[in-house]
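Reader: Please put the structure up, and then take me through one of its pockets and the overall build of the chain.

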Amino acid sequence: MRVSVIGTGYLGATHAACMAELGFEVLGLDIDQAKIDALTRGELPFHEPGLPELLTKHVNSGRLRFTTSYEEVGTWADVHFIGVGTPQKPGETAADLRFVDAAVTSLAEHITRDALIVGKSTVPVGTAERLRTLLTDARANAGLPGTVELAWNPEFLREGYAVRDTLTPDRLVVGVESDHAEDILRQVYAQALAADTPWIATDFATAELVKVAANAFLATKISFINAFSEITEAAGGDIGTLADAIGHDPRIGRKFLNAGVGFGGGCLPKDIRALQARVSELGLDRTMRFLAEMDDINLRRRDRVVDLAVQVLSHSVNGSIRTTGVGEGSGTVPSPAAVEVLNGAKIAILGVTFKPHSDDVRDSPALDVANRLFTAGAEVAVYDPQGNANAARRFPRLGYVNTLQKAVIGADLVILLTEWDEFRRMDPEDIGRLMDRRALIDARNVLDPAPWKAAGFTHAALGHRFAPGTSV
């Protein structure tokens, strides 16, 4: 079989290169000529470990090509994967499906043979059923030969591990309406099936819901531990030990129970908001109401980092915790007391991507915190191993440096916001010698506080009561 992939962004480019790695001839399509030209040269517009090598390998072999022509794709491929974006609508929480609709319509009007269209984009439940009607009507109007079916095959990629997740998935979910469509997808994923990857064939609606249900569950789990971190910050206790203890329960599990600054990225936030919008359309306003609270908990973690920076700097400068005004700075407008403390403070921001092993800063809590501190008057030095360029396009007014050492020179405070390995390996003495004042906030709970305190640092971490001079 010959495979096309419509849309060559993060999902599409990854899927195209991996399909070529599995042995298929692949044609990637995008309406952006500049993007197509770059991919043809083997250049990616984003960071994803392992993907540049696959792209170069299969572009050079001729197994992977790129085009802007739906006519070429429609007359050439047997299976068409749709990997276009479904962003949040401006000013709304619902998903914008214009790109998905356009892709299906354009394919329907240009396919001249028997073919299968396979949706991989994350869409609200009911979308595939609507697209099937759109496909049928467009084919009838065009009067083209061949039978074209629709299937839905949601992706479960983790940024930083997308190649592995595509080539060796932990499960394969397909929404199909015929044995023929399922058989084609079994052929596409024959290698994974031979390795005993779980195969779940179901209807359109279930396939659509699996993806958003997974994201909603992860968001809930992350928000749950962050809600408890608010309690331990106020009442005392160790949030890490708490997470370990409940994580031993096999019904709960330890993964995604690391308290921190919260989740972000281009998928999880928009997907849970789109889910709320869709269930509201279905007349189920109360069903996913808890997700709004999860979203609020997540955003409060960003406020807490700013408030904690005020506390730590107050202690570092004055030798005591300044409580007046602390907490009033929650939200995007800092309180006067917070501005007084933050104004002119030199703060090193370590990490601005929403997670390590990625250059993605979309809805990044780390970048949001950096911008809030700058807005409050702090002098911010930002360093991220991969995310500086994307962050600078989003917030050009921040100060960006290209090494960890440059970020911390002369700093009054270091805030670790993305848990890159480079930051996990930091030596407290080496860092402390470069700073004006030794103060650290671990917003991801990945550093052992003992060596930092031994090196004379004022140490604080989310989920722990900030009480200088006592154990964390």
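Reader: What volume does the second largest pocket have?

Author: This is a predicted model. For the second largest pocket, the computed volume is about 330 Å³.

Reader: Which residues lie nearest the centre of that pocket?

Author: The lining of the second largest pocket consists of 15 residues. Those that lie nearest its centre are P45, F46, D360, R362 and N390.

Reader: Which helix gives the largest share of the lining of the second largest pocket?

Author: The chain has 20 helices and 14 strands. One of the helices spans residues 388-394 and supplies three residues of the lining, the largest share. That helix is α16.

Reader: How many residues of the lining are charged?

Author: By class, the lining of the second largest pocket includes four nonpolar and four polar residues. The charged residues in it number seven.

Reader: Why does the radius of gyration of the chain agree with a compact globule?

Author: The C-alpha atoms fill a box of roughly 80 × 50 × 40 Å along the principal axes. A compact globule with 472 residues would have a radius of gyration near 23 Å. The value for the chain agrees with this, because it is 25 Å.

Reader: What percentage of the contacts in the chain with a separation of 6 or more comes from residues 24 or more positions apart?

Author: A contact here means heavy atoms within 4.5 Å. Among contacts with a separation of 6 or more, the share from residues 24 or more positions apart is 72%.

Definitions and conventions. Residues are numbered from 1 along each chain as its sequence is written. This is a predicted model: local features need pLDDT of at least 70, side-chain atom pairs count only at pLDDT 80 or more; totals for chains, interfaces and linings use all residues. Side-chain values use heavy atoms; hydrogens and water are left out. On a 1 Å grid over the protein atoms alone, a cavity is a set of points where a 1.4 Å probe fits but cannot get out, and a pocket is an open set with protein on both sides within 12 Å along at least five of seven lines; lining residues have an atom within 4 Å of a point. Grid points are joined across faces, edges and corners, and a volume is the space filled by probe spheres set on the points. Helices (H or I, at least four residues) and strands (E, at least two) are DSSP runs, numbered from the N terminus. Ala, Val, Leu, Ile, Met, Phe, Trp, Tyr, Cys and Pro count as nonpolar, Asp, Glu, Lys and Arg as charged, and the others, Gly among them, as polar. The radius of gyration is taken over C-alpha atoms; the globule rule is 2.2 Å times the number of residues to the power 0.38.
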